[in-house]
Amino acid sequence: MSGLLGISIVNYRSAGDTGCLIRSIVTGLATGPQATGPRVAIAIVDNSDQVAELSEIAGYAERAGVPVRVIAGHGNVGYAAGNNLAATWLLAEGAEVIWVLNPDTRIVGGRLASALDVLRAGDRAIGATASAAPGVAPGGGPDLGMVDLWTGQSGRPPAAGAAGSHKLVYAAGHSLLVTRRAWQDLGGFSEDFFLFYEEADIALRAARLGIPTRVVPDLAVQHTGGVATGATADMAAKSTTTYFHASRSCMVFFRKHYRHRVPFAAAARLGYAAKALLARRPDAATAVIRGTVAGLRA
């Protein structure tokens, strides 16, 4: 399938990771039967202060024949707005598919041209790639996330069986494919979210517009997770930035989509704050409460 694949990368103090991701993209284009395609353009949005490092990375990709635009000077506008900035340039370049990738992802298997297979579901579609655990050969299942539509608790869907009617399963935001028309119809990511819940929001809006989600199983992406934001599952190590923004975005999500369930989600957040306190993280508990209040006021 021909067409331009536009790759969006939002960088926040993670130029080293962004460089590794770019190298994995260039390597994927230069080897195997996909060496003649697809056409790729990359937009790197700098939400920090690493223009010099990112310009060097862009130069490496351009020498390999991949056009790159570094978008900087706007400050930290958040993940959703950053990807929207990237998509604006990529769509103007003629991208048929936008591929949102976190800096801490790597392309580790499959053909890059497979990213365009999401168009097989129609010109309005969202796609999930396959997951590959660090140090494990590619071949995992689809890279999906899941959120409880009563409490806002996030996690991964079960490997087998239905997730349940009160769960929303969505394509993971660290490797998300969106066709040109779907992106335009959705208006990109909602900038109500600064960090977290963007992919759950766009999945819910897509479903309501009848935009299907397709899995691209032969394109494997490895995700380290939480490198820039400290979004680890370990409560003792998780950053206060993550505690705050996850709580804020949770409340924004419920206020937008399930207003009658806001009290349940807020109560769940307060329970989470208590759990953080029991883990001897008073700073984390405070961040959860502050984020919850900020989301209720947003």
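Tutor: Keep in mind that this is a predicted model. Start with strand β4, residues 95-101: six of its seven residues are buried, so the strand is largely enclosed by the rest of the structure.

Student: Which way do β1 and β4 run, parallel or antiparallel?
Tutor: Parallel. Six bridges join β4 to strand β1, residues 4-11. Within that pairing, L4 stands opposite A95 of β4.

Student: And how many bridges join β4 to β10?
Tutor: Five. Strand β10 covers residues 175-179, and the two strands run antiparallel. There, L101 has S175 of β10 as its bridge partner.

Student: New topic. How many cavities of 30 Å³ or more are there?
Tutor: The count comes to one. The largest cavity has a volume of about 40 Å³.

Student: Which residues line the largest cavity?
Tutor: I126, Y170, A171, L176, E199, I202, A203 and T213. By class, six are nonpolar, one is polar and one is charged.

Student: Which element gives the largest share of that lining?
Tutor: Helix α5, with three residues. Both β9 (167-171) and α5 (198-208) supply at least two residues each.

Student: Is C250 buried or exposed?
Tutor: Buried. Its relative accessible area is 0%, and the cut-off for buried is under 20%.

Student: And what does C20 count as?
Tutor: Partly exposed, because its relative accessibility is 31%. That falls between the 20% and 50% cut-offs.

Note on methods. Residues numbered from 1 in each chain as written. Predicted model: local features only at pLDDT ≥ 70, side-chain atom pairs only at ≥ 80, totals over all residues. Heavy atoms only, no water. 1 Å grid on protein atoms, 1.4 Å probe; cavity = no way out; pocket = protein on both sides within 12 Å on 5 of 7 lines; lining within 4 Å. Points joined across faces, edges and corners; volume = space filled by probe spheres on them. Helix = DSSP H or I, 4+ residues; strand = E, 2+ residues; numbered from the N terminus. Nonpolar A, V, L, I, M, F, W, Y, C, P; charged D, E, K, R; others polar. Buried < 20%, exposed > 50% of the residue type's maximum accessible area, 1.4 Å probe, protein only. Pairing = 2+ DSSP bridges.
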